[in-house]
Amino acid sequence: MSREYRRRTFDEPEDPTPSPSRSPSMASAREGRTGGYWKQNLYLLQERAPKPRAVFCGVPPSNRPKYYGPEFHGLIDREETEQLLAAAGEGAYLVRESQRSAGAYTLCMRFDGKALNYKLFFDGQHFVGEKRFDSMDDLVADGLISMYVDKHAADYIKRMADEAVYEESPYIQYQKSIGTQRRQQRPPLPTLNGATPTADQLRARHGSESSQWSSSEQNDAPQKAHRFIAHTFRIPHYCDYCRNFMWGLVQQGLRCDDCGFAAHKRCSERSLLDCRPDLKYVKRMFAVDLTTLCMAHSVLVPPVVEQCIMEVQRRGLNAEGIYRISGSHEEIEKLRQSFDMCGTLNQRVDLSQARVEDIHSVAGLLKLYFRLLPQPLVTFSVYREMAQALRATRNEYDRIKTTRKAVEEMPPAHVQTLKLLLEHLNVVATNSSANKMTLENLATIFSPTVLCTGSPQQGIILPQQEQYVLHFLLVHYKKIFGPQR
Ligand SMILES: [Zn+2]
Ligand SMILES: [Zn+2]
């Protein structure tokens with residue numbers, strides 16, 4: 001096929017008929033769009049790729065491994081292989097034993113009039129490269145599609161990421177539409193008095209200075225990178241970046257685990273820091289990145305943190321040893337599961353006395369939440385800056401100034417959650433005559449849970465330094481988080 005012909009094929013206007021088999025992940029946002037939204041030429045090309053045809057061996061060799069079928073021919077030479085494949089035509093394939101090394105196998109397949117040979121492996125699944133397949137037929141089908149698409153559209157594929165207009169991409173269109181939906185359906189949050197504040201009210205409560213976070217306006221939302229992972233789409237899927245078909249049988253591209261953005265590998269590399277996590281993908285509440293969780297729920301502070309704090313302030317302030325005494329491990333685990341389950345449904349978990357009699361279990365749940373965060377609440381950079389500042393100077397003003405600067409570098413969800421936690425622990429400590437928990441005690445208990453202190457190799461761990469850092473935050477949080485002076 002000539003280059004000119006290829007160009008003409010692939011640069012022709014898009015198919016005006018919407019495909020019945022387009023991307024399912026963001027399909028709802030795409031309903032009602034005008035035709036020609038998805039570029040179908042690569043899909044049509046994949047459909048035209050030769051199909052796999054196993055060439056069966058008449059008499060099965062006795063040494064046939066159990067994971068191969070009648071396509072296994074044992075020790076046959078290259079010439080015989082080529083004849084068998086040529087007779088069966090494009091897409092024909094067979095497996096033969098390597099003549100050079102015993103126990104090694106070769107996949108031979110016919111494409112574009114030539115016999116191609118690949119070293120074949122099996123580890124529970126079949127593979128010749130990175131992709132794994134359940135059957136030989138799938139492996140060969142995928143290979144034929146890749147080669148066929150590459151042969152007929154290599155130039156087009158090279159250009160498609162460059163030529164895509166991101167503002168017009170399905171992802172941006174989808175975000176625009178759910179931005180409106182989210183503003184209309186903001187999830188309610190429990191509070192001490194039973195009212196359900198809006199995100200605006202929460203923002204006001206947690207500090208108006210946090211203008212960097214506004215869940216009501218997409219444009220003000222913090223920047224977050226996508227978390228792309230190789231993905232196998234079970235039904236035909238299109239790229240949310242360039243609108244082209246994602247060809248192949250398995251691992252056709254990457255998908256963001258937080259928002260569902262699906263893209264070719266090269267297209268994914270061009271995406272911006274504009275991931276908007278979605279509850280559809282962020283299914284748990286524990287052990288999820290703090291920013292991801294808050295964005296998915298359109299809140300400033302994770303619901304579980306807010307609820308635990310409210311409950312402890314409601315009935316735990318006079319409980320002796322609150323946060324020091326551990327609650328029932330079993331009960332805490334049950335509560336964790338309830339939060340994980342309710343997370344996607346936006347349902348509230350009941351932490352009231354009727355359901356959770358022991359307030360120490362609620363306190364334990366809060367500590368567990370922080371312990372399971374993939375990135376601790378106080379990030380390493382903040383801890384390092386603070387530790388250095390506390391060593392470098394005894395001047396309180398300078399120490400606070402450095403800490404404040406470091407805190408401002410943290411993601412907004414970390415800032416807001418840390419601020420709420422510090423406020424809360426101060427409330428707990430004001431009742432220390434009853435609960436016996438001073439700021440020093442609380443700093444000792446929480447520092448291993450909320451601080452990222454790096455590894456000992458990084459050479460900045462001093463005895464008691466962690467407690468000292470958290471204690472400093474607890475004592476000075478009003479100045480650190482308050483309005484700039
Ligand atoms: Zn994403
Ligand atoms: Zn793409």
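How many of the seven residues of β3 are buried?

What we have here is a predicted model, in which local features need pLDDT of at least 70, side-chain atom pairs count only at pLDDT 80 or more, and totals for chains, interfaces and linings use all residues. Residues are numbered from 1 along each chain as its sequence is written, while chains are lettered from A and ligands numbered from 1 in the order in which they are written.

The pLDDT is the predictor's confidence in each residue, from 0 to 100. For this protein the mean is 83, and 81% of the residues reach 70 or more. Two stretches fall below 50: residues 1-35, with 43 contacts beyond near neighbours in sequence, and residues 186-219, with 59 such contacts. By contact I mean two residues whose C-beta atoms, placed from the backbone, lie within 7 Å.

Now, back to the opening question. Six of the seven residues of β3 are buried, so this strand is largely enclosed by the rest of the structure. Buried means that 20 or more other C-beta atoms lie within 10 Å of a residue's own; exposed means 12 or fewer, and partly exposed is in between, again with C-beta atoms placed from the backbone. Helices (H or I, at least four residues) and strands (E, at least two) are DSSP runs, numbered from the N terminus.

Let's look at the sheet around β3. Five strands make an open, mixed sheet in the order β1-β2-β3-β4-β5. At its edges are β1 (53-54) and β5 (126-127), each pairing on one side only. Two strands count as paired if DSSP finds at least two bridges between them. On one side, β3 pairs with β2 in the antiparallel sense over five bridges, and Tyr-93 stands opposite Met-109 in β3. With β4 (residues 114-122), β3 (residues 105-111) is antiparallel over seven bridges. There, Leu-107 stands opposite Tyr-118 and Thr-106 opposite Lys-119. The hairpin of β3 and β4 has two residues between the strands, and Asp-112 takes a positive phi near 55°.

Which helix runs at about 45° to β3? That is α5 (residues 136-163), lying across β1, β2, β3 and β5. Angles run from 0 to 180 degrees between N-to-C directions, and axes are lines fitted to C-alpha atoms, for helices over the stretch in contact. Helix α4 (residues 78-88) lies across β1, β2, β3 and β4, at about 160° to β2.

Within α5, look for Asp-142, which is buried because 22 other C-beta atoms lie within 10 Å. Not counting residues up to four places away in sequence, Asp-142 touches Lys-131, Phe-133, Gly-248, Leu-249 and Val-250.

Finally, the nonpolar cores: sets of buried Ala, Val, Leu, Ile, Met, Phe, Trp, Tyr and Cys residues joined through C-beta atoms within 7 Å. The largest has 65 residues, and Cys-308, Val-362 and Leu-366 touch the most other members. Leaving aside neighbours within four places in sequence, Leu-366 is in contact with Val-305, Cys-308 and Ile-309. A second, separate core of 52 residues includes Trp-38, Phe-72, Ala-141 and Cys-259.
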